[in-house]
Amino acid sequence: MSASADTADPLADSGLVVVDKPAGMTSHDVVGKLRRIFGTRRVGHSGTLDPMATGVLVLGVNRGTRFLPHVHADAKSYDATIRLGASTVTDDAEGEVLESAPPERIAAVTDERIMAGVAELTGDIMQRPASVSAVRIDGVRAHERMRRGEDVVLPERPVTVSLFDVHAIRRHARYIDVDVSVDCSAGTFIRSLARDLGAGLGVGGHVTALRRTAAGPFRIGAAKTLEELAADPVPTMTLDEACLACFPVRDVTAEEGLALSQGKWLEPIGMGGVAAARTPDGRVVALITESGKRAKTVFVARPSTM
């Protein structure tokens with residue numbers, strides 16, 4: 001586990017890539033693009049982002065794909081535009097309009113009613129995921145069942161909307177556009193917030209623009225476009241940097257690092273949760289967690305066989 005030049009590091013080409021996803025692409029489309037850009041089949045993503053949405057999408061490259069299940073990106077942040085005045089099949093602008101509210105009903109939706117509706121959808125709430133979501137029903141994703149023509153109604157589940165800020169309310173003859181920012185827990189659907197806000201106001205609602213600005217510690221400022229990555233195919237974060245960004249650090253000796261690289265365990269020191277075990281050369285050898293009298297590995301970043 002001694003220090004060496006970056007070029008000698010077997011993980012030099014591994015890490016995480018934070019992509020600023022363009023509209024119109026699925027998360028799998030982005031995976032395909034990165035496979036060609038980085039010249040490897042070992043690319044995966046940590047969670048889907050709607051095709052219509054833009055912004056932060058976190059992907060792993062090479063051994064970074066093994067780290068993806070451990071990525072802490074539960075908290076999400078979004079900028080969105082909610083259109084009040086119509087409901088759609090998909091709860092966004094790409095779906096068929098189910099019902100449009102008459103102009104007089106839209107005119108009756110005051111700013112105060114909108115703000116009250118937003119307040120009701122802030123905090124710990126129960127939310128029904130969008131029917132075209134990636135939520136699985138008996139092993140099959142909801143959107144796949146929708147495409148088959150099935151009637152899909154998913155059960156409500158608890159989510160947390162810690163921030164639901166309204167930046168602008170723009171009125172038109174047949175609809176109202178509301179520009180918002182949302183901070184929420186993983187599993188929260190912004191389309192569902194739009195649907196429920198519109199339903200509560202009696203006019204229907206759907207999302208017309210959606211941009212993810214953060215996923216856990218990964219923020220839009222660090223994201224690169226596909227064009228930028230094609231010109232300079234380098235991971236946004238090395239695997240070491242990603243581990244340190246997601247977890248607290250436990251500094252270990254070179255001998256302890258060697259033991260962890262072999263899947264052995266260390267003595268616990270009273271650290272709760274998962275920690276990144278960092279050797280004196282600044283590299284992360286493994287993620288470890290304490291259980292009883294052992295600090296055992298949950299992910300070995302640098303196995304001794306490399």
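The model is predicted, so local features need pLDDT of at least 70, side-chain atom pairs count only at pLDDT 80 or more, and totals for chains, interfaces and linings use all residues. Residues are numbered from 1 along each chain as its sequence is written, and side-chain values use heavy atoms, with hydrogens and water left out.

**Stop 1: the cores**

Select L34, L84, F164 and I190. They have the most contacts inside the largest nonpolar core, which has 43 residues. Such a core is a set of buried Ala, Val, Leu, Ile, Met, Phe, Trp, Tyr and Cys residues joined through side-chain atoms within 4.5 Å. Buried means under 20% relative accessible area, exposed over 50%, partly exposed in between (1.4 Å probe, protein chains only).

Now keep L34. Setting aside neighbours within four places in sequence, L34 contacts (heavy atoms within 4.5 Å) V17, V19, G39, V43, L59, L226 and L229. Next, find a second, separate core of 23 residues; F67, V71, L239 and F247 are among them.

**Stop 2: S192**

Select S192, in helix α6 (residues 190–201). Helices (H or I, at least four residues) and strands (E, at least two) are DSSP runs, numbered from the N terminus. Is S192 buried or exposed? S192 is buried, because its relative accessibility is 0%. Beyond residues up to four places away in sequence, S192 touches Q127, R128, P129 and A130.

**Stop 3: E156**

Select E156, in the loop between α5 (142–147) and β10 (157–171). E156 counts as exposed because its relative accessible area is 52%. Leaving out neighbours within four places in sequence, its contacts are M126, Q127 and R128.
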